[in-house]
Amino acid sequence: MKLNFLVWLLFVVLLPLASLSARADDGCFVHAKQVAEQLSHQPFVQTPMMQVDTGRITYDYYHRIQFQQKKTFWRDEDLPFQLEFMHPGMHFIRPIELFTWEQGAAYPIKFSSSYFDYSQVKQLNIEQDEAKMGFTGFRILSKMGKTNAGDMHTETVAFQGASYFRALGRDQRYGLSARGLALNTSLEGQEEFPDYTKFWLEKPTQNAKQLVFCALLDSPSTTGATRFVLTPDKTTVMELETQLYPRKDISEIGIAPLTSMFFHGENSQQHYGDYRPEVHDSDGLMIQQGKEWTWQPLLEVPYFKFQSTPIDKLSGFGLMQRDRNFDHYQDLEAWYHARPSVWVEPLDEWGKGSVQLLRLHTDSDIVDNIVAYWKSDAGQALQHFSYRLSWRSDDPPAHTLGKVVATRATNKAVDALPGYKGRIRFIVDFNNLPKLATPPVAEVIFNGKGQTKPAVVQENPYVQGWRVIAAVFPETCDKPMTATIRLTSGGNPVSETWSYPIPESLCNVP
């Protein structure tokens, strides 16, 4: 009897200690989840706009308001991670709340005009509105090792606007964005853009290689908490863990959404009078299922195209900027050749679902028109998920097969095939293949009504690989069609699978 009492006593004493230890290890995430859960039981109220005339801070003025570099947060302590804050203005009119998280407690970071240099916009008289203003975003600076700028703090991550954020690896330039969550993206007129409204940043140690921070999501349909673990380097890695607390039923939850821009590329039928050969933040969607890799080049669409790729078990997906040749862009301001790819890897079980790709038409390079995300067959039941984002200048190391390096397509100067409405020739270059004793074989599959001719495979020393020339002859041009090409040797794949949704404009012969 006494023994049972002692066991019970140890249990009730030690269990709370273990729970407290776990909470301490979790840092800001436990707190963020508590705030999100409590908020989910309340009606949605959007963060009110600042009660000042931020509209007078136009685009021109906004970009003349500079953060004072000598006033980065944590600079006085010379910590490996430091913060810059973003001023309100233009369409950034809803404030966020920022906190440091130290020893289990949150400490607010208050807006102050002293962080900013207004010398070029003195006529705005910001000081009179200071008490009513707030930060609209922030940047994380880190030491990424040797960079073009030397061993110093450089901008690594930026958060501003809804749940959007962008990151950089070493020597990269900002390009595509990630989002905390996408809701009802494929449902016309029903999309929601959840906001990150609060951030808690765990104060790093003097030798920290990672920065941990948490954020509160809020929208009419759900609240949520996200924990970020940032590791900056040549490839900057962010691990995200999100817990959702839905307020109501959600038709579609998009996990790990990426937003990018594709204006025109080598596969485009027109270049809009642009002097630049290619203009895009990303040139392809890549998907991994186990040992299978698929590459779908991005292409412009006349209006709106939505595509869903069913997957039993996802290993990873991403919007990639594979073309790194400056000569292919000729843009000394945008530096498209240095913009990052973003690769998504699940860190827990996502089950069956699909990679969704939304493409919109654009006549400009200032409009993001590409969205990709994961949609689970479990729907709203998947309320907790973790994944890794890597902001890369190359493909993931696990991808050891041959890769597509160029896609070209034409319906001109192609011999017609009697009885078929369309005629298309694809010219696809592969490199990074293993050394082969004999030339590879091209497997060409046309998913649609029509015919193909045997593909021609040529060695291409200019890409240190192989060129495939494939001709496709559709019977009709008004139904969805896809062409795929894969290189094999001895019946085994030696390249990724190139997959191309054929646009109606390419099928129709001019």
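Modeller: Start at Arg139, which has a relative accessible area of 23% and is therefore partly exposed. Keep in mind that this is a predicted model. The partner of Arg139 is Glu84, and the two form a salt bridge. Their closest N and O atoms are 3.5 Å apart. This pair links distant parts of the chain. Glu84 has 11% relative accessibility, so Glu84 counts as buried. The cut-off behind that word is under 20% relative accessible area.

Stay in strand 6, which covers residues 137-143 and also holds Leu141. The relative accessible area of Leu141 is 8%, so Leu141 is buried. Glu84 turns up again here, as one of the residues that Leu141 touches. For a sense of scale, take Asn267, 126 residues from Leu141 along the chain. The C-alpha atoms of Leu141 and Asn267 are separated by 37 Å.

Now the other salt bridges. The count comes to 22. Side chains of opposite charge can pair when their charged atoms come close. Asp60 and Arg64 are one case, with an N to O distance of 2.3 Å. Asp60 is partly exposed, because its relative accessible area is 44%. Arg64 also counts as partly exposed, at 27% relative accessibility.

Next, Asp365 and Arg276. Their salt bridge has its closest N and O atoms 3.1 Å apart. This pair, too, links distant parts of the chain, 89 residues apart. Asp365 is in the loop between strand 23 (353-360) and strand 24 (370-376). Arg276 is in the loop between strand 16 (262-264) and strand 17 (279-280). Asp365 has a relative accessible area of 24%, so Asp365 is partly exposed. Arg276, at 11% relative accessibility, counts as buried. Shared partners extend the picture: salt bridges join Asp274, Arg276, Asp331 and Asp365 into one network.

Arginine also meets aromatic rings. The charged end of Arg173 sits over the ring of Trp335, 3.9 Å from the ring centre. Arg322 does likewise with Trp295: its charged end sits over that ring, 3.9 Å from the centre.

From there, turn to rings against rings. The structure holds 35 aromatic pairs. Phe385 and Tyr387 make one of them: their ring centres are 6.5 Å apart and their planes lie at 20°, so the pair is stacked. Phe385 and Tyr387 are both buried. Elsewhere, ring pairs link a cluster made of Phe67, Phe73, Trp74, Phe85, Phe111, Tyr115, Phe116, Tyr118 and Phe135.

Finish at the surface. Tyr303, Phe304, Phe306 and Leu360 form a nonpolar patch there. Together they have about 440 Å² of accessible area. Phe304 is in strand 20 (residues 304-311). Its relative accessible area is 46%, so Phe304 is partly exposed.

Technical notes:
Residues are numbered from 1 along each chain as its sequence is written. This is a predicted model: local features need pLDDT of at least 70, side-chain atom pairs count only at pLDDT 80 or more; totals for chains, interfaces and linings use all residues. Side-chain values use heavy atoms; hydrogens and water are left out. Patches are made of residues with over 30% relative accessible area and no salt bridge: like charges are joined within 9 Å, nonpolar side chains (Val, Leu, Ile, Met, Phe, Trp, Tyr) within 5 Å. Accessible areas come from the Shrake-Rupley method with a 1.4 Å probe; for residues, only the protein chains shown count as cover. A salt bridge is a side-chain nitrogen of Lys or Arg within 4 Å of a carboxyl oxygen of Asp or Glu. Helices (H or I, at least four residues) and strands (E, at least two) are DSSP runs, numbered from the N terminus. Buried means under 20% relative accessible area, exposed over 50%, partly exposed in between (1.4 Å probe, protein chains only). Contact means heavy atoms within 4.5 Å. Rings of Phe, Tyr and Trp (its six-membered ring) pair if their centres lie within 6.5 Å; planes under 30 degrees apart count as stacked, over 60 as edge-to-face and the rest as tilted. A charge sits over a ring if NZ of Lys or CZ of Arg is within 6 Å of the ring centre and within 35 degrees of the ring normal. Lists of a residue's contacts leave out its neighbours within four places in sequence.
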